[in-house]
Amino acid sequence: SDRVILNAAVALGKTGDARAFDALKALPAHPSWKNQSWVAALNGLRELRDPRGIPLALAALQDAKADRWTLATPVWDHRLAAADTLRALGAGAQGMPLLQNHLADSLKQGQVNDSFYNVQLMVALAQPEAKAALDALQTRFADLPGAKAAVEALKQGLEAHLTLKTP
């Protein structure tokens, strides 16, 4: 079961044993529905805190085309799991340029869901530059019902990450 694999990957990462890296790195090759093996590997790498996981997390963050659930949680979405992993590994800044480019395109085209999703990813990376993205999002969709409240929730999430330095 994908849920069992996810929990096993997280437990493996929590051991802190450097040998866990090879098993977690190999996990995305395991067939799964909507890339749940990739999500499991990323969640395990987040717990392992091994910087060798940074390239895998960056690859997942960049892959906007792979099958995934779009349920806005790192338990289901490989890109959110990647952002959380990068933040935990102290490498959130490495993901920002990619997301800034995606956000600029989404804002320009007026793509509401993609714009909010890219900012959600930036918030998960916990980088101060996400503040400018939140302002741009609020400006671009100022007339959209509910946008102000959604941006405010994202701002609170960013502040929590920046203040608490949560992994």
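**Helices, pocket, ionic pairs and loops**

Modeller: In helix H8, which spans residues 130-140, the buried residues are Ala-130, Ala-133, Leu-134 and Leu-137. Please bear in mind throughout that this is a predicted model.

Biologist: Why do the buried residues lie on the same side of H8?

Modeller: The residues concerned are Ala-130, Ala-133, Leu-134 and Leu-137. An α-helix has 3.6 residues a turn, so residues three or four places apart point the same way. The four are on the same side of H8 because they cover an arc around the axis of only 100°.

Biologist: Which exposed residues does the face of H8 turned away from its buried side carry?

Modeller: A residue counts as exposed when its relative accessible area is over 50%. On the face of H8 turned away from the buried side, the residues that are exposed are Ala-132 and Thr-139.

Biologist: Against which helices do the buried residues of H8 pack?

Modeller: The buried residues of H8 include Leu-134 and Leu-137. Their side of the helix is the one opposite the face with Ala-132 and Thr-139. The packing partners of the buried residues are H6, H7 and helix H9 (147-164).

Biologist: Which helix gives the most to the lining of the largest pocket, and with how many residues?

Modeller: The largest pocket has a volume of about 240 Å³. Among its eleven lining residues, Ala-64, Arg-79, Ser-106, Asp-114 and Asn-118 are the closest to the centre. At least two lining residues come from each of helix H6 (92-109) and helix H7 (112-125). The greatest contribution is that of H7, with four residues.

Biologist: How do the residues of that lining divide into nonpolar, polar and charged?

Modeller: Eleven residues line the largest pocket, including Arg-79 and Asp-114. By class, the lining divides into two nonpolar, four charged and five polar residues.

Biologist: Turning to ionic pairs, with which residue does Asp-17 form a salt bridge?

Modeller: The whole structure contains six salt bridges. The closest N and O atoms of the pair are 2.6 Å apart, and the partner is Arg-19.

Biologist: In the salt bridge between Arg-52 and Asp-50, which residue is buried?

Modeller: The side chains of Arg-52 and Asp-50 meet with an N to O distance of 2.7 Å. Arg-52 has a relative accessibility of 39% and is therefore partly exposed. The cut-off for a buried residue is under 20%. With a relative accessible area of 12%, the buried residue is Asp-50.

Biologist: How many residues apart are Asp-135 and Lys-155, whose side chains meet in a salt bridge?

Modeller: This salt bridge has an N to O distance of 3.8 Å. The pair links distant parts of the chain, with Asp-135 in helix H8 and Lys-155 in helix H9, and the separation is 20 residues. 

Biologist: Are Asp-135 and Lys-155 buried, partly exposed or exposed?

Modeller: The relative accessible area of Asp-135 is 42%, and that of Lys-155 is 25%. The partly exposed class runs between the buried limit of 20% and the exposed limit of 50%. Asp-135 is accordingly partly exposed, and Lys-155 is likewise partly exposed.

Biologist: Which residues does Gln-94 touch, leaving aside those up to four places away in sequence?

Modeller: Gln-94 lies in helix H6 and is partly exposed, at 45% relative accessible area. Gln-94 and Pro-55 are 39 residues apart in sequence, with their C-alpha atoms 9.9 Å apart in space. Beyond its neighbours up to four places away, the residues touched by Gln-94 are Ile-54 and Leu-58.

Biologist: In which loop is Ala-126 found, and is Ala-126 buried or exposed?

Modeller: Ala-126 is not a glycine, yet its phi is positive, at about 60°. The loop in which Ala-126 is found is the one between H7 and H8. At a relative accessibility of 13%, Ala-126 is buried.

Biologist: Where is Asn-35 found?

Modeller: Asn-35 is a residue other than glycine with a positive phi, near 60°. Asn-35 is partly exposed, with a relative accessible area of 22%. Its place is the loop between helix H2 (20-26) and helix H3 (36-48).

Note on methods: Residues numbered from 1 in each chain as written. Predicted model: local features only at pLDDT ≥ 70, side-chain atom pairs only at ≥ 80, totals over all residues. Heavy atoms only, no water. 1 Å grid on protein atoms, 1.4 Å probe; cavity = no way out; pocket = protein on both sides within 12 Å on 5 of 7 lines; lining within 4 Å. Points joined across faces, edges and corners; volume = space filled by probe spheres on them. Nonpolar A, V, L, I, M, F, W, Y, C, P; charged D, E, K, R; others polar. Buried < 20%, exposed > 50% of the residue type's maximum accessible area, 1.4 Å probe, protein only. Arc of directions from axis to C-beta. Contact = heavy atoms within 4.5 Å. Salt bridge = Lys/Arg side-chain N within 4 Å of Asp/Glu carboxyl O.
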